[in-house]
Amino acid sequence: MAQIQTLANIGSVIELKYIGDDKRPVAQFRAYMINSKTKGEERIDRGEWINVSLWGSCAEAASKLFSVGDCIYLVGEMGTDRWHDDKKDEDANALKVDARLALPYLPYLDALTYQPRKGKADPSSDADDQAA
């Protein structure tokens, strides 16, 4: 699989599952990978729909924070899912990204609220401890 860093718009509700014996979290959703250019006044859209799997603590956070339509920055590995569609009796494929990081795309945000994780001290206290 190829390494990828891309912007994408979330196109489906994020489904959070826990898989395997260790109950590893995975968030799965569809996204529209943005690849557009402007030519004068005209915008040329060459984006692609992708299936995204986001793993670990990022999966849990994404399922709480992101919603359909949000623009995110994805980092991961891109590949192709291949299968046989029995209804159409033909082979099918779809682009996929196994993401290890998903971040909100800051230029598209109206507001962001930071709240420390439960049980964690105020992050400014960490700086005070290091300076001492």
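Two aromatic pairs turn up in this structure, where rings of Phe, Tyr and Trp (its six-membered ring) pair if their centres lie within 6.5 Å, with planes under 30 degrees apart called stacked, over 60 edge-to-face and the rest tilted. Tyr-32 and Trp-49 make an edge-to-face pair, with 5.3 Å from centre to centre and 65° between the planes. Tyr-32 sits in strand β3 (residues 24-33) and Trp-49 in strand β6 (residues 48-55), so this pair ties together parts that are 17 residues apart in sequence. Tyr-105 and Tyr-108 are edge-to-face too, at 5.1 Å centre to centre and 75° between the planes.

A word on what you're looking at: this is a predicted model, in which local features need pLDDT of at least 70 and side-chain atom pairs count only at pLDDT 80 or more, while totals for chains, interfaces and linings use all residues. Residues are numbered from 1 along each chain as its sequence is written, and side-chain values use heavy atoms, with hydrogens and water left out.

How open are these rings? For that, buried means under 20% relative accessible area, exposed over 50%, and partly exposed in between (1.4 Å probe, protein chains only). The areas themselves come from the Shrake-Rupley method with a 1.4 Å probe, and for residues only the protein chains shown count as cover.

| Residue | Relative accessible area | Class |
|---|---|---|
| Tyr-32 | 21% | partly exposed |
| Trp-49 | 42% | partly exposed |
| Tyr-105 | 27% | partly exposed |
| Tyr-108 | 55% | exposed |

On to the charged side chains. The count comes to two salt bridges, taking a salt bridge as a side-chain nitrogen of Lys or Arg within 4 Å of a carboxyl oxygen of Asp or Glu. Glu-15 pairs up with Lys-17, and their closest N and O atoms are 3.7 Å apart. Glu-15 is partly exposed at 44% relative accessible area, and Lys-17 is partly exposed as well, at 33%.

The other bridge joins Asp-81 and Lys-96, with 3.4 Å from N to O. Asp-81 belongs to strand β7 (residues 71-85) and Lys-96 to strand β8 (residues 90-104), so the pair links parts that are 15 residues apart in sequence. Asp-81 comes out as partly exposed, with a relative accessible area of 29%.

Arg-82 is also found in strand β7, and Arg-82 is exposed, at 65% relative accessible area. Setting aside neighbours within four places in sequence, Arg-82 is in contact (heavy atoms within 4.5 Å) with Ala-92 and Asn-93. The C-alpha atoms of Arg-82 and Ala-92 are 5.8 Å apart, although the two residues are ten residues apart along the chain.

Now for the whole chain. The protein has two helices and eight strands; helices (H or I, at least four residues) and strands (E, at least two) are DSSP runs, numbered from the N terminus. Read from the N terminus, the elements run β-β-β-β-β-β-α-β-β-α. Among contacts between residues at least 6 apart in sequence, 58% join residues at least 24 apart. Of the 132 residues, 23% count as buried. The protein exposes about 9700 Å², and carbon and sulfur atoms supply 48% of that area.
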